Amino acid sequence: MKIRDKILIVEDEQSICNFISTVLSSHDYDPMVARTGAEAQSMIASHCPDLIILDLGLPDMDGLDILRQLRSWSSLPVVVVSARSHERDKVDALDLGADDYLTKPFGTDELLARIRAAIRHTRTASGNDQVAQSGTYTVGEMTIDYNKHQVLINGVNAKLTLNEYRLVALLGKYAGKVLTYDFIIRELWGPRASGDNQILRVNMANIRRKIEKNPAEPRYIFTEVGVGYRMAESENDS
Ligand code: CA
């Protein structure tokens, strides 16, 4: 019998708690609920959940403080939920080590996709099973070949420049997960690189011209406005 993943929902709004609990119960997860930050901290210690869904606006403390404290001793996957549409909160949460975020209101499919990706990334050292096993990542008609350092569309080399390839390769390694502009810049150009997003935007525009049928409606790499980029997840990967 499959052991169900335990998911701790830290949320003070009853209706959202009920929604998430119901969705999780009917998709083979084992949900539990904490309504305050203090309750969350004691439940994390006593129940060892497999993942935490963390609301940022709690009655007794800021969800970001819980995250900061947790990250000092644990890499347990955390998906942050925020009613705030402020991009800064999402970036702060990701920089503090959150695995992903959901903005209220969100739907069932989005919730489940974020949970699956966060659990999978924590359990696979490379971040992506496909890449670890085959050295390639395929989604739709696009394949990233990590051995040949090429991106192929329908088997044809899309002829990316080195920087463009490295950007796509990085996103593919973390497919399904949003990567912040700062994280991408540090990974590609080192810790001292300037935090200017303009170079990323230029590269991304060129990449999309080469790999997307319609660059205005990308299917492979999505822009998370004000936050970063996310590579589409392969359907047979979940
Ligand atoms: Ca709240």
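Predicted model: local features only at pLDDT ≥ 70, side-chain atom pairs only at ≥ 80, totals over all residues.
R4 sits in the segment before β1 (5-10), while D28 belongs to the loop between α1 (14-25) and β2 (29-34), so the pair ties together parts that are 24 residues apart in sequence. Searching the whole structure gives 16 salt bridges.

Next, go to C48. This residue is in the loop that runs between α2 (37-47) and β3 (51-55). Check the backbone there: the phi angle of C48 is near 40°, a positive value in a residue other than glycine.

Move on to K104 and P105. The peptide bond joining K104 and P105 is cis, with omega about -5°. P105 itself is found in the loop between β5 (100-103) and α5 (108-123).

Now colour the chain by domain. The domain assignment gives domain 1 as 6-125 and domain 2 as 129-231. Taken over C-alpha atoms, the centres of domain 1 and domain 2 are 27 Å apart. Display the residues at the boundary: 13 residues of domain 1 are in contact with 13 residues of domain 2. The two domains bury about 1,100 Å² between them, and 50% of that area is on carbon and sulfur atoms. On the domain 1 side, pick out E87, Y101 and H121, which lose the most area to domain 2 and together make up 35% of what that side buries.

Stay at this interface for its charged pairs. Across the interface of domain 1 and domain 2 there are 2 salt bridges.

The next stop is a pair of helices, α8 (residues 181-189) and α9 (residues 198-211). What is the crossing angle of the axes of α8 and α9? The axes come within 10 Å and cross at roughly 85°. Angles of 65 to 115 degrees count as roughly perpendicular, and α8 is therefore roughly perpendicular to α9. To see the contact, select Y181, I184, I185 and W189 on α8, together with I199, L200 and N203 on α9. Sorted by class, this contact of α8 with α9 has 6 nonpolar residues, 1 polar residue and no charged residues.

On α7, select N163, E164, L167, V168 and L171; on α9, select L200, N203, M204, N206, I207 and K210. Which classes of residue make up the contact of α7 with α9? It has 6 nonpolar, 3 polar and 2 charged residues.

Finish by leaving L200 and N203 of α9 selected. Both residues take part in the contact with α8, and both are listed in the contact with α7.

Methods
Residues numbered from 1 in each chain as written. Heavy atoms only, no water. Axes fitted to C-alpha atoms, helices over the stretch in contact; angles between N-to-C directions. Helix = DSSP H or I, 4+ residues; strand = E, 2+ residues; numbered from the N terminus. Parallel < 35°, antiparallel > 145°, perpendicular 65-115°, else oblique. Contact = heavy atoms within 4.5 Å. Nonpolar A, V, L, I, M, F, W, Y, C, P; charged D, E, K, R; others polar. Domains from an automatic or database assignment. Buried area = accessible area lost by both parts, 1.4 Å probe. Salt bridge = Lys/Arg side-chain N within 4 Å of Asp/Glu carboxyl O.
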